[in-house]
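Here is a report on strands, cores and a pocket. Look at the structure first, then read on.

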Amino acid sequence: MFRKILFGAVSLVAMAVGAAQAEDLKEFRIGLIGGENEADRLRNFQCLVDQLPSVLGVEKVSLFPAADYDGTIQGLLGGTLDYAELGASGYAKIYLQNDKAVEPILTTVQTDGATGYYSIMVARKDSGIKSLADLKGKKLGFADPDSTSGYLIPVTSLPADLGNTPVKDYFGETGFGGGHENLVLEVLKGTFAAGTTWGSGVGEFSEGYTSGNLRKMVDKGILDMDDLVEIWKSPLIPNGPIVVRTTLDADIKTKFKDFMLKLPETDAACFSAIQGGDFKSFTEVTPEFYAPIIAARKAQIGG
């Protein structure tokens, strides 16, 4: 009798789990990290809202724009988002808190074949600032505490170019701009003497490079590169990952990954819109690809 009750209880639990999974698959939830105007983010990802329901066999695809990086990170940690595109440091934050929460499956390939990009420090051209030496004692802006290029890499890589001086000791003050786009606008306003953002480092600085925040701002008509000068460029940073919720249905994962891998060929305009510039393709990645960033974040910031 006890065995029948036990097996019955187990069956009910299994049914409940199955029902929850089935219900979850009715909606595919996309997280959009902060750092860019919300209306622009929603517009850029609308092509996925239109195409993914039939591809994945779900009733709808919903977009969840966050005010900052951490909003999306917390959604992924809490299991309320199914897919997002993160910077490497954002992924590292998730990994250090729960390495089973998400799976990195893809990253972008630059037009030159590289799977990395750069942190780029810019200042107003008319400021007279031309080098790091000119910035000593001045105010430096970062994009977001969870940004790889906008914070983690500058604070870990800059000291070597500052005579082995920590960032906090070299600059008079530091602060955050509230995302990459706003950070550049704050540099132009004079809030910061210089600020760190990101770009492919491929192509011409005068065009905002081939991809990245500067290129997106140029394409939107809110930035004239003639107003900026490049002060510093980091070592190559691993391109951020496309991540999916680990507990997502395996069939959905496969369909989604296949769709994204083919996207540069099947819908180049959509691929360019969601990535923000010119890229060659996607390529597969695993957590090992981000091991150096995970180690850097753990040492510099912690979990």
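## Strand β8 and its partners

Strand β5 (residues 116-124) pairs with β8 in the antiparallel sense, over 5 bridges. Strands here are DSSP runs of E, at least two residues long, and helices are runs of H or I, at least four; both are numbered from the N terminus. Two strands pair if DSSP finds at least two bridges between them. Y118 has G199 of β8 as its bridge partner. Strand β6 (residues 139-142) runs parallel to β8, joined by 2 bridges. There, G141 is bridged to G195 of β8.

The model is predicted: local features need pLDDT of at least 70, side-chain atom pairs count only at pLDDT 80 or more, and totals for chains, interfaces and linings use all residues. Residues are numbered from 1 along each chain as its sequence is written, and side-chain values use heavy atoms, with hydrogens and water left out.

Buried means under 20% relative accessible area, with exposed over 50% and partly exposed in between (1.4 Å probe, protein chains only). In a regular strand, side chains alternate between the two faces of the sheet. Both faces of β8 are covered: A194, T196 and W198 lie on one side, G195, T197 and G199 on the other.

## Strand β1

β1 is mostly covered, with 5 of its 6 residues buried. It pairs with β2 in the parallel sense over 6 bridges. L32 is bridged to P65 of β2. β1 also pairs in parallel with strand β3 (residues 83-85), over 2 bridges. I30 has Y83 of β3 as its bridge partner.

## Nonpolar cores

The largest nonpolar core has 28 residues. Such a core is a set of buried Ala, Val, Leu, Ile, Met, Phe, Trp, Tyr and Cys residues joined through side-chain atoms within 4.5 Å. F28, I30, L48, L52, Y83, F256 and M260 have the most contacts inside this core. Elements supplying at least two of its residues include β1 (27-32), α3 (46-56) and α10 (250-266).

Another core lies apart from it, with 23 residues, among them L76, W198, Y290 and I293.

## Largest pocket

Which residues line the largest pocket? They are E36, D40, R43, N44, K216, D219, K220, S272, A273, G276 and G277. α2 gives the largest share, 3 residues.

Terms used: 1 Å grid on protein atoms, 1.4 Å probe; cavity = no way out; pocket = protein on both sides within 12 Å on 5 of 7 lines; lining within 4 Å.
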